[in-house]
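Biologist: Could you put the model up so that we can go through it together?
Modeller: Here it is.

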Amino acid sequence: MYGAAKVVIEEGHLVLDFGPAPQLKSDLSHWHYDTFKIDWREVHAWFSFGTVQFVLSNNNEVTGLEFDVP
């Protein structure tokens, strides 16, 4: 819906970047195993807390992302 999402390293930590939707750019902090807390850089009225989980293959390669943003 917002284009391709990518995870990059900025200043030593992970950042989630939605490219064409810069208002959704967020910092990621480790939550539990392969799940990270989404720390939005902009305040949003319709959501605040969320997590993203890295989906891994049997070879521990990232094959996707799963979002949980209530």
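Biologist: Where is Thr-51 found?
Modeller: Thr-51 lies in strand S5, residues 51-56, strands being DSSP runs of E with at least two residues, numbered from the N terminus. This is a predicted model, in which local features need pLDDT of at least 70, side-chain atom pairs count only at pLDDT 80 or more, and totals for chains, interfaces and linings use all residues. Residues are numbered from 1 along each chain as its sequence is written, and side-chain values use heavy atoms, with hydrogens and water left out.

Biologist: Is Thr-51 buried or exposed?
Modeller: Thr-51 is buried, with a relative accessible area of 12%, where buried means under 20%, exposed over 50% and partly exposed in between, using a 1.4 Å probe and protein chains only.

Biologist: And what does Thr-51 touch?
Modeller: Leaving out residues up to four places away in sequence, its contacts include Phe-36, Ile-38 and Phe-67, contact being heavy atoms within 4.5 Å.

Biologist: Changing topic, how many aromatic pairs are there?
Modeller: The count comes to 5 aromatic pairs, the rule being that rings of Phe, Tyr and Trp (its six-membered ring) have centres within 6.5 Å, with planes under 30 degrees apart stacked, over 60 edge-to-face and the rest tilted. Phe-36 and Phe-54 form an edge-to-face pair, at 5.4 Å centre to centre and 85° between the planes.

Biologist: Which strands hold Phe-36 and Phe-54?
Modeller: Phe-36 is in strand S4 (residues 35-40) and Phe-54 in strand S5, 18 residues apart. Phe-36 counts as buried at 16% relative accessibility, and Phe-54 does at 13%.

Methods. Helix = DSSP H or I, 4+ residues; strand = E, 2+ residues; numbered from the N terminus.
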